[in-house]
Amino acid sequence: MRVALLLACVAAPLAGQSVRSRLEGRVPAAAIPVVDSLVQAAGREGLPTEPLVGKALEGGAKHVVPALIVSAVETRLDQLRSARALLVRGGDAPPATPAEVATVSGALRRGLPPPVVERVVGALPNEPRESALHAIADLVAHRLDADSSASLVIDAIHAGLRGGRLLDVSHAVLEEQQRGRTWAESFARVRDELPDVPPAPKPGEGTVQRARRPSSVSKAPTPP
Amino acid sequence: MNSIDPRVHQALDGEIPREALPPALRRVAERLESAAALLAAAPEGRSVADRVLARLHRHAHSPVRRLARWLTAPHPVTLRIRPVWSLALAASLVLLMLLPEERSTPVLGEHEGIAQFVARFPGAHSVQVVGSFNDWRTGTIPLEDRDGDGVWRAVVVLPAGAHEYMFVVDDERWVPDYSANRFVEDDFGRENSVLIVRPVKG
C-alpha cells in the first residue's frame with residue numbers, strides 16, 4: 001500500500017510534466033495550464049487522459065483560440081465521465097478501465113444512442129467492446145438502424161468472431177449495400193454467412209507510409 | 001680483355017689484303033668494321049653511355065604498364081569446386097531472379113491495418129493528412145499526385161480502430177474527407193472525417 005502510494009505520488013507529477021511537454025509549442029501558452037489541470041483531474045478520477053491531450057493538440061494544430069480549446073477539452077472530460085457512468089449502468093464494476101471509457105465515449109460522440117451502448121456493454125460483460133462498438137457506430141454512421149446493427153454484431157460475437165474481425169462484419173454489410181441490396185437484405189445475408197465474413201485484404205505492393213507520432217515540433221498551418 | 005690479332009690490324013689498315021687472313025680472322029675484321037660503321041652513324045652529341053641508357057629506359061616499363069601487362073597476359077588458374085556448393089549457388093541465383101526487384105509491402109502488426117487516403121484537389125501544390133493517429137501534426141503524411149491529374153493518394157499503416165482526420169491543402173486549407181461518409185463534430189465548429197481501419201491479421 002505504501003509502495004503504491006509512493007508510486008502514485010511520483011508518477012502523477014511525471015505524467016503532468018509529460019503532458020506539458022507535449023502541449024508546449026503546439027497549444028497556445030494561455031491554454032496550457034487549464035488543459036493541464038483538466039488532464040490531471042481526469043487522471044485522478046481514473047479516466048483516460050489521452051483523448052483530452054489529443055483534443056488540445058487538435059485545437060492547437062487548427063489554430064483555435066485558447067478559450068475554445070479549453071472549452072473543447074472540458075466537453076471531452078464531461079463525455080468521458082458520462083461514458084463511465086454508462087459503463088457502470090451497463091454492469092461494469094466501477095471504476096471501468098480507461099480504455100473502455102474512451103471507447104464508449106467515442107461511440108457516443110459518433111452518434112450511438114446510449115441505450116444501445118448499454119445493451120452492448122451488458123451483452124459482453126467480460127470482453128473488450130472496442131471493436132464491437134466501432135462496428136456498430138460504423139453502421140449507424142451509414143444511417144442503419146442502431147438496434148439492428150447492435151443485434152448483428154452481438155450475433156457475430158456469439159458466432160465466435162472477436163476483436164478486429166467484428167469490423168469485417170460491418171464492412172461486409174456496407175459492401176452488400178453497395179452491391180444494390182437493401183439494408184434488411186444486407187443484414188440478413190451477412191447474418192446467414194456468420195462467422196464467414198471476408199477479411200481485410202492484404203496490402204499490395206507500392207508505396208506505403210507508416211503513421212508515427214512525431215517528436216519534433218513543426219509549425220501547423222492555419223485553418224480558414 | 002681479348003687482344004686483337006696483329007694481322008687483323010694490318011688488314012684493317014690496308015697493309016695486307018683481307019683475303020690473306022684466315023676465315024676466322026676475316027670474320028673478326030668484318031665485325032670490327034661493322035661496329036666502327038655503327039659508331040660513325042650515331043647522332044652527334046650522344047655518347048655511347050647515352051645510347052646505352054636510352055636502350056635500357058626503353059626496356060624498363062612503368063608499374064602501371066607492368067600491371068596492365070600482367071592483367072592482360074594469360075595465367076593458369078586452378079578452381080576446385082564441390083558440386084554441392086555449385087548447386088546451392090545456382091539455386092540462390094534462381095531465387096534472386098524470381099523475387100521482384102522492389103517490394104515495399106510492409107510487415108503489419110497484429111492490430112494494424114492499411115488506410116488508403118484518396119482526395120481530389122486539382123491545382124493543389126501539396127496535400128497531407130493529419131489526424132488523431134499523428135497527433136494532428138502536419139508534415140508527416142503527405143499525399144502524392146504522381147500523374148498530375150489532381151487526385152492525391154497515400155497508403156498508410158495505422159492501428160486498427162477508428163481515427164479522426166482532415167486533409168490540409170497547400171499548408172493552409174483544412175478540408176474534411178467528403179468521401180469518408182463518417183463524420184464527427186470536432187468541438188471547434190467543424191467536422192472531422194472518421195476512418196475505420198480493419199486489422200489485416202485480425
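**Whole complex**

Start with everything displayed. The predictor assigns the complex an ipTM of 0.79 and a pTM of 0.66.

**Chain A, overall**

Select chain A and colour by secondary structure. Chain A has 10 helices and one strand, and in sequence order the pattern is α-α-α-α-α-α-α-α-α-α-β. Of its 224 residues, 46% are buried. Among contacts in chain A with a separation of 6 or more, 67% are between residues 24 or more positions apart.

**Helices α3 and α4 of chain A**

Select residues 50-61 of chain A, which form helix α3, and residues 66-90, which form helix α4. Their axes come within 9 Å and cross at roughly 155°. Because of that angle, which is over 145 degrees, α3(A) is roughly antiparallel to α4(A). The crossing of α3(A) past α4(A) is right-handed.

Now show side chains along the contact. Sorted by class, the contact of α3(A) with α4(A) holds eight nonpolar, two polar and two charged residues.

**A:His63**

Next, select A:His63, in the loop between α3 and α4 of chain A. What is its phi near? The value for A:His63 is near 55°, which is positive in a residue other than glycine. Most residues other than glycine have a negative phi. A:His63 has a relative accessibility of 38%, so it counts as partly exposed.

**A:Arg109**

Move to A:Arg109, in helix α5 (residues 98-109) of chain A. Is this arginine buried or exposed? A:Arg109 is buried because its relative accessible area is 17%, under the 20% cut-off.

Display its contacts, leaving aside neighbours within four places in sequence. In chain A, A:Arg109 is in contact with A:Lys55, A:Arg76 and A:Gln79. In chain B, A:Arg109 is in contact with B:Glu164, B:Val184, B:Glu185, B:Asp186 and B:Asp187.

**A:Pro128**

Select A:Pro128, in the loop between α6 (114-123) and α7 of chain A. At a relative accessibility of 66%, A:Pro128 counts as exposed.

**Helices α7 and α9 of chain A**

Select helix α7 (residues 130-141) and helix α9 (residues 165-178) of chain A. The two axes come within 8 Å and cross at roughly 15°. That angle makes α7(A) roughly parallel to α9(A), and the crossing is right-handed.

On the α7(A) side, the contact uses A:Ser131, A:Ala132, A:His134, A:Ala135, A:Asp138 and A:Leu139. On the α9(A) side are A:Leu166, A:Leu167, A:Ser170, A:Val173 and A:Leu174. By class, the contact of α7(A) with α9(A) has seven nonpolar residues, three polar and one charged.

**A:Pro195**

Select A:Leu194 and A:Pro195. The peptide bond from A:Leu194 to A:Pro195 is cis, with omega near 0°. Most peptide bonds are trans. A:Pro195 sits in the loop between α10 (183-193) and β1 (209-210) of chain A.

**Chain B, overall**

Switch to chain B. How many helices and strands does chain B have? It has five helices and seven strands, in the order α-α-α-α-α-β-β-β-β-β-β-β along the sequence. Buried residues account for 30% of its 202 residues. For contacts in chain B between residues at least 6 apart in sequence, 60% join residues at least 24 apart.

Colour chain B by pLDDT. The mean is 83, and 83% of the residues reach 70 or more. Within chain B, confidence is lowest in helix α3 (residues 48-59), at a mean of 64, and highest in strand β2 (residues 127-131), at 96. Where pLDDT is low, the predicted coordinates should not be read in detail.

**B:Asn181**

Last, select B:Asn181, in the loop between β5 (173-175) and β6 (183-185) of chain B. Its phi is near 65°, a positive value in a residue other than glycine. B:Asn181 counts as partly exposed because its relative accessibility is 45%.

How values were computed: Residues numbered from 1 in each chain as written. Chains lettered and ligands numbered in written order. Predicted model: local features only at pLDDT ≥ 70, side-chain atom pairs only at ≥ 80, totals over all residues. Heavy atoms only, no water. Axes fitted to C-alpha atoms, helices over the stretch in contact; angles between N-to-C directions. Helix = DSSP H or I, 4+ residues; strand = E, 2+ residues; numbered from the N terminus. Parallel < 35°, antiparallel > 145°, perpendicular 65-115°, else oblique. Left-handed = near helix turned anticlockwise from the far one by under 90°. Nonpolar A, V, L, I, M, F, W, Y, C, P; charged D, E, K, R; others polar. Buried < 20%, exposed > 50% of the residue type's maximum accessible area, 1.4 Å probe, protein only. Contact = heavy atoms within 4.5 Å. pLDDT = per-residue confidence, 0-100.
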